[in-house]
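Keep the picture in view as you read.

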Number of protein chains: 2
Amino acid sequence: MDKEYIIRPLSPSDFSKGFLDLLSKLTTVGSVSEPEFTRRFGEIFDIEKKNSSPPPYFIAVIEDKGRIIASGTLLIENKFIHGCGCVGHIEDVVVDETMRGHHLGQRIIQFLTGYARDAHCYKVILDCSEHNVGFYEKCGFSRKAVQMAQYFD
Amino acid sequence: MDKEYIIRPLSPSDFSKGFLDLLSKLTTVGSVSEPEFTRRFGEIFDIEKKNSSPPPYFIAVIEDKGRIIASGTLLIENKFIHGCGCVGHIEDVVVDETMRGHHLGQRIIQFLTGYARDAHCYKVILDCSEHNVGFYEKCGFSRKAVQMAQYFD
């Protein structure tokens, strides 16, 4: 049976546990110093403290042997539509490649989806490559629309 | 030549100028009273006041003859990736159907994209139907990924 991996919120001490190394498996991270990490952590979670219901961000991580091995972010958007409803945006889901096969990605998605439901979101959305559509369908998602992007120099 | 339409931020008095009627052309709005509108406005823009750079939401509207005829929202997400970069999410773009042909949608998109660039976002993203891909390509966007969604009861 699989080891029980605990999902917990990101903590400032995760800088030294390879959180950014893990994100660099997903995309460009660049050079982010510990003070820069701490400042951004404050910018994200000060928002959480200063606002009541629901907090706008939840960054879920799984730690194993002192290293962060999986992560995913939920951003909660307050809307006027759907009776002043909320939408959960799942972002930056990544699992350490040496830990594939333990269903950690699925656990992160289930956790964030449950968190969004508990926060009274009427839906949760995410963007993925065509290659990952099957994985997200297994997690209860359906193909909905086209993601468009514009990059700045 | 087209009349010059001014883009401005959403204001609490836009409740009585048909802002929710306009959104109901896009999707379900439901019954939202003026106190509910005002409370949600506060939840969204208190975030803006309490945080420094960049503010997380900008809701752009165009008013004509005392009515809101076009709107679009930019939500700015703080990330750790891309050197603690920011991403702009464009949401809930809608133009009154009687005002089609005045390029108001394009103006809203250009405004929000420029706002995201000025706020140092490294990209701006949005989800749209297959039918609207051509419109967003004309606005400088490219097809990027698949949007997946999970709805709660």
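## Words to start with

Two strands are said to pair if DSSP finds at least two bridges between them. In general, strands of a sheet pair through backbone hydrogen bonds, either parallel or antiparallel. Please keep in mind that this is a predicted model.

Strand 5 (residues 121-128) of chain A pairs with strand 6 (residues 142-151) of chain B in the antiparallel sense, over 6 bridges. To find a spot in this pairing, look for A:Val124, whose bridge partner in strand 6 of chain B is B:Gln150.

How many strands does the open sheet have? There are 12, with mixed pairing, in the order 1(A)-2(A)-3(A)-4(A)-5(A)-6(B)-6(A)-5(B)-4(B)-3(B)-2(B)-1(B). At the edges stand strand 1 (7-9) of chain A and strand 1 (7-9) of chain B; each has a single partner strand, so one side of each is left without a neighbour in the sheet. On average, neighbouring strands of this sheet are turned by 30° against each other, direction ignored.

Helices join the picture too. Helix 4 (residues 104-118) of chain A lies across strands 1 to 5 of chain A together with strand 6 of chain B, and runs at about 25° to strand 3 of chain A. Helix 4 (residues 104-118) of chain B packs on the sheet as well, touching strand 6 of chain A together with strands 1 to 5 of chain B.

## How the copies are related

Chain A can be superposed on chain B by a rotation of 180° with 0.0 Å of shift along its axis, giving an RMSD of 0.0 Å. That is the relation of a two-fold axis. The same surface serves both copies, since 100% of the contact residues of chain A recur in chain B.

## A closer look at chain A

Chain A has 5 helices and 6 strands. Read from the N terminus, its elements run β-α-α-β-β-α-β-α-β-α-β.

Is the radius of gyration of chain A what a compact globule would have, or what else? For 153 residues, a compact globule would have a value near 15 Å, and the 16 Å of chain A agrees with this. Of those 153 residues, 54% count as buried.

Definitions and conventions. Residues numbered from 1 in each chain as written. Chains lettered and ligands numbered in written order. Predicted model: local features only at pLDDT ≥ 70, side-chain atom pairs only at ≥ 80, totals over all residues. Heavy atoms only, no water. Least-squares fit on C-alpha atoms with pLDDT ≥ 70 in both. Contact = heavy atoms within 4.5 Å. Helix = DSSP H or I, 4+ residues; strand = E, 2+ residues; numbered from the N terminus. Axes fitted to C-alpha atoms, helices over the stretch in contact; angles between N-to-C directions. Rg over C-alpha atoms; globule rule 2.2 N^0.38 Å. Buried < 20%, exposed > 50% of the residue type's maximum accessible area, 1.4 Å probe, protein only.
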